[in-house]
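Hi everyone, thanks for coming.

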Amino acid sequence: MSESPNLDVLTIVQHFKDRFGASVYEFRGETSLILQADQIVPACQALRDEFNFELLTEETAVDYWPELAPRFHVVYRLRSLKHNLIIGLRVPLDGNSPVMPTLTGVYANANW
């Protein structure tokens, strides 16, 4: 994708819907892409390499039991200093022993 000087979150959202089958979650004015676990590494590589999201600023998990299924969500926030943008990523996971691929090959600080 060619880089746009006026990159915005809506452009990224549309690209990730088309390319990764992402859906969108919005809460209190912040946008997150919902991705499947097997898409998180290539999606983060695309955000870093194609859209200049050079920083992983947050990584956490939420347990929504019993209100929501899948009950676990792994949540990331990425920042682009170049474009002054923040985007969230969420990966819903089922089960008592959920498994996720690591992002340490994309963002070294994911190894905390």
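Predicted model: local features only at pLDDT ≥ 70, side-chain atom pairs only at ≥ 80, totals over all residues.

The mean pLDDT of the protein chain is 92, and 96% of its residues reach 70 or more; pLDDT is the predictor's confidence in each residue, from 0 to 100. Residues are numbered from 1 along each chain as its sequence is written, and side-chain values use heavy atoms, with hydrogens and water left out.

What is the strand order? It goes β1-β2-β5-β4-β3, an open sheet of five strands with mixed pairing; two strands pair if DSSP finds at least two bridges between them. At the edges sit β1 (23–27) and β3 (55–63), each pairing on one side only. On average, neighbouring strands are turned by 25° against each other, direction ignored.

Let's start at the β1 end. β1 and β2 run antiparallel, joined by five bridges, and serine 23 stands opposite isoleucine 34 in β2. Their hairpin has two residues between the strands, and arginine 28 there takes a positive phi near 50°.

On to the next pair: β2 (residues 30–34) and β5 (residues 85–93) are parallel, over three bridges. Isoleucine 34 turns up again here, opposite arginine 90 in β5, while leucine 33 has leucine 89 of β5 as its bridge partner.

Then the helices. α1 (residues 9–20) packs on the sheet, touching β1, β2 and β5, and its direction makes about 30° with that of β5. α2 (residues 40–51) packs on the sheet too, touching β4 (72–80) and β5, at about 170° to the direction of β5. Contact here means heavy atoms within 4.5 Å; axes are lines fitted to C-alpha atoms, for helices over the stretch in contact, with angles from 0 to 180 degrees between N-to-C directions.

How do the two helices meet? The axes of α1 and α2 come within 12 Å and cross at roughly 140°. They are therefore oblique to each other, since angles under 35 degrees count as roughly parallel, over 145 as roughly antiparallel, 65 to 115 as roughly perpendicular and the rest as oblique. The residues making that contact include Phe16 and Phe20 of α1, and Ala46 and Leu47 of α2.

Conventions:
Helix = DSSP H or I, 4+ residues; strand = E, 2+ residues; numbered from the N terminus.
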